[in-house]
Amino acid sequence: AAFEALSGDPSWRPKVKVPWPVSLLGALACLAVMLQINAMVGSAALVLELGLWALLSRKERSARWGDARRGLYESLIRWSLVRLKKHPMTPRNWRPHMLVFVPELVSHLDLIRFACWFGQGRGLVTVCELLEGSLEDDIDILAREGAMQQVLDRENLTVFAEINVVDEVVAGIVNVTQANGMAGIASNTVLLGWPDDLERRAAFLKVMVRLEQLKKSFIMGRIRPRHLFPREGISHTIDIWWGGLQRNGDLMLLLAYLLTRNARWREATVRVLSIASDEHEQKRTTRFLDALVPQIRIEAAPKVFLRDPALTIHEMIQAESATADMVFFGMGTPEPGQELAYAQRLEEIAGELPTVFFVKNQNLFVGDLLSPADDPQDGHA
């Protein structure tokens with residue numbers, strides 16, 4: 001009765017209205033009296049009741065009165081959202097809420113798994129399948145969402161699944177991203193897989209430009225299954241190529257840090273790499289990174305290379321990160337009409353590297369996600 005009253009379900013309409021604290025107090029008093037009368041028998045009765053509850057809860061029976069817990073959870077969510085609205089987001093408490101778009105769930109489980117690793121239980125992950133068509137078509141959306149959730153649960157992925165019917169996939173990504181979330185809890189990072197088709201990749205770059213207006217960060221990942229998990233018996237490495245111009249470095253560092261909180265990547269070495277055109281730039285970038293890494297309290301090893309005139313930038317990157325388990329790159333904003341050329345350039349940068357993620361930081365706190373301005377004595381990273 002106390003839970004039903006707290007849930008506020010419209011279906012809870014008792015003839016005798018009792019305040020929920022009275023119901024809860026009565027229940028606790030009954031338990032206390034049971035134990036006072038006979039502690040052994042009372043404990044046995046509690047164990048028996050819990051056993052019966054566990055047995056019956058496994059049976060797929062739909063009770064007429066429903067599950068009071070859902071109503072209680074919804075009331076707690078509403079209470080939290082109302083108060084969350086009064087506390088605006090700051091760089092200190094920003095966390096990645098991932099919205100992952102996949103054409104088909106099963107073949108993109110690796111991408112979803114990385115989204116969960118990046119979130120590390122601190123952010124929400126929603127995976128969305130986009131269906132081209134019309135709502136007038138005979139599409140059982142609820143059944144398909146249920147099938148998606150079953151696969152995610154089987155893979156032990158804490159992810160929300162949804163299906164959206166759109167006229168066209170590229171425009172649909174932008175529309176769904178705008179509508180995602182409520183009351184201060186919304187996706188702030190869009191994650192897409194790596195399309196083999198160059199024109200589709202260029203179209204995704206146009207999506208990235210549109211998402212910039214929405215202050216949504218954009219990540220595009222190419223995952224090779226043999227490199228999904230760190231190789232046993234070999235030191236694991238995560239490389240971050242630091243450009244410094246597009247202000248993507250703080251998000252890449254944060255994602256790498258969150259990834260190393262996962263058990264599979266906990267022993268990985270994070271390297272922050274950069275290429276300087278001359279010795280003066282090399283010394284300046286080295287000083288900057290050497291000062292930044294200790295201040296933000298993330299274990300990473302900076303390394304700045306002097307550009308080799310005999311090699312292209314792409315060749316230097318390929319040579320240095322060839323053995324890395326994962327590589328992060330920042331992205332710029334292509335000029336209008338240059339999306340196809342930029343997509344080809346991304347292909348050249350990725351080359352034969354293992355798992356790569358291209359990151360465009362477009363959130364509300366660009367450059368401030370890892371602000372070193374916090375008090376060094378403060379334990380918050």
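Which unit do β2, helix α6 and β3 make? They make a right-handed β-α-β unit, with α6 at residues 141–154. Right-handed here means that, with the strands pointing away from the viewer, the path from the first strand over the helix to the second runs clockwise. Helices (H or I, at least four residues) and strands (E, at least two) are DSSP runs, numbered from the N terminus.

Two notes on the source. This is a predicted model, where local features need pLDDT of at least 70, side-chain atom pairs count only at pLDDT 80 or more, and totals for chains, interfaces and linings use all residues. Residues are numbered from 1 along each chain as its sequence is written, and side-chain values use heavy atoms, with hydrogens and water left out.

Now the strands. β2 (residues 125–132) is largely enclosed by the rest of the structure, because seven of its eight residues are buried, meaning under 20% relative accessible area with a 1.4 Å probe, protein chains only. Strand β3, residues 160–166, pairs with β2 in the parallel sense over seven bridges; pairing takes at least two DSSP bridges between two strands. Phenylalanine 160 in β3 is the bridge partner of threonine 126.

On to β1, residues 98–102, which runs parallel to β2 and is joined to it by five bridges. Methionine 98 has valine 125 in β2 as its bridge partner. β1, α5 and β2 make a right-handed β-α-β unit as well.

Helix α5 covers residues 109–119, and ten of those eleven are buried, so α5 is largely enclosed by the rest of the structure. Among the buried ones are Arg113 and Trp117. Just after α5, glutamine 120 takes a positive phi of about 50°.

Terms used
Buried < 20%, exposed > 50% of the residue type's maximum accessible area, 1.4 Å probe, protein only.
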